[in-house]
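Please go through the following briefing with the sequence and the coordinates open. Topics are grouped, and terms are given with their cut-offs where they come up.

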Amino acid sequence: MADAERLRSMVSFIHAHYMENIQVRDIAESVGISTRGCSRCFQRSIGVSPMSFLNKHRLRIAAQMLRSTNATVIDISESCGFSSVSYFGNLFREMFGCTPLRYRKGED
């Protein structure tokens with residue numbers, strides 16, 4: 001299986017399971033390769049680690065939810081697969097430059 005095909009399958013796995021507690025091992029197993037092979041495939045193909053890709057996907061969905069629902073930040077964090085709301089908040093600030101609540105209010 002070529003890198004492009006593996007990557008497509010792993011990205012599909014991430015899109016289907018982002019809300020679960022998944023690790024690189026789970027992403028790798030979805031296409032039958034090692035965790036190292038998974039990391040190398042992501043790095044070669046799109047220049048980021050599998051976990052970085054997963055977290056960015058989770059954060060994009062969380063941002064959509066912040067703007068389109070009245071769910072609490074805690075509920076959004078949990079439904080997007082983050083086990084810690086503080087970790088979610090830190091990553092959100094890194095990616096969007098503001099807190100989730102400020103983003104919701106349109107102050108980004």
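Cys-41 is buried in this predicted model, as its relative accessibility is 1%; buried means under 20% relative accessible area, exposed over 50% and partly exposed in between, with a 1.4 Å probe and protein chains only. The residue is found in helix 3, residues 35-46; helices (H or I, at least four residues) and strands (E, at least two) are DSSP runs, numbered from the N terminus. The model is predicted, so local features need pLDDT of at least 70 and side-chain atom pairs count only at pLDDT 80 or more, while totals for chains, interfaces and linings use all residues. Residues are numbered from 1 along each chain as its sequence is written, and side-chain values use heavy atoms, with hydrogens and water left out.

**Cys-41 and its surroundings**

- Neighbours within four places in sequence aside, Cys-41 is in contact with Asp-3, Arg-6, Leu-7 and Met-10; contact means heavy atoms within 4.5 Å.
- Between the C-alpha atoms of Cys-41 and Arg-104 there are 35 Å, and the two are 63 residues apart along the chain.

**Whole chain**

- The chain has 7 helices and 0 strands, and its pattern along the sequence is α-α-α-α-α-α-α.
- The C-alpha trace spans about 45 × 20 × 20 Å along its principal axes.
- Of the 108 residues, 39% count as buried.
- Among contacts between residues at least 6 apart in sequence, 55% join residues at least 24 apart.

**Helix packing**

- Two packed helices are described by the angle between their axes and the distance between the axes.
- Axes are lines fitted to C-alpha atoms, for helices over the stretch in contact, and angles run from 0 to 180 degrees between N-to-C directions.
- Helix 1 (residues 3-17) and helix 4 (residues 50-68) have axes that come within 10 Å and cross at roughly 40°.
- Helix 1 and helix 4 are therefore oblique to each other; angles under 35 degrees count as roughly parallel, over 145 as roughly antiparallel, 65 to 115 as roughly perpendicular and the rest as oblique.
- The crossing of helix 1 with helix 4 is right-handed; a crossing is right-handed if the near helix is turned clockwise from the far one by less than a right angle, and left-handed if anticlockwise.
- On the helix 1 side, Val-11, Ile-14 and His-15 meet Pro-50, Phe-53, Leu-54 and His-57 of helix 4.
- The residues of this contact of helix 1 with helix 4 comprise 5 nonpolar, 2 polar and no charged; Ala, Val, Leu, Ile, Met, Phe, Trp, Tyr, Cys and Pro count as nonpolar, Asp, Glu, Lys and Arg as charged, and the others, Gly among them, as polar.
- Helix 4 also packs with helix 6 (residues 85-96), at an angle of about 90° and with the axes 10 Å apart.
- That angle makes helix 4 roughly perpendicular to helix 6.
- From helix 4, the contact takes in Asn-55, Lys-56, Leu-59, Arg-60, Ala-62, Ala-63 and Leu-66, and from helix 6, Tyr-87, Phe-88, Leu-91, Phe-92, Met-95 and Phe-96.
- By class, the contact of helix 4 with helix 6 has 10 nonpolar, 1 polar and 2 charged residues.

**Aromatic rings**

- The structure holds 7 aromatic pairs; rings of Phe, Tyr and Trp (its six-membered ring) pair if their centres lie within 6.5 Å, and planes under 30 degrees apart count as stacked, over 60 as edge-to-face and the rest as tilted.
- The pair of Phe-82 and Phe-88 is tilted, because the ring centres are 5.2 Å apart and the planes are at 50°.
- Phe-82 is buried at 4% relative accessibility, and Phe-88 is buried with a relative accessible area of 0%.
- Ring pairs join Phe-82, Tyr-87, Phe-88, Phe-92, Phe-96 and Tyr-103 into a cluster.

**Other buried residues**

- Ser-77, in helix 5 (residues 73-79), is buried with a relative accessible area of 1%.
- Apart from neighbours within four places in sequence, Ser-77 is in contact with Phe-82, Ser-84, Val-85 and Phe-88.
- Cys-80 sits in the loop between helix 5 and helix 6 and is buried, with a relative accessible area of 0%.
- Not counting residues up to four places away in sequence, Cys-80 touches Tyr-18, Met-19, Arg-58, Ile-61, Ala-62 and Met-65.
- Cys-80 and Met-65 are 15 residues apart in sequence, and their C-alpha atoms are 9.5 Å apart.
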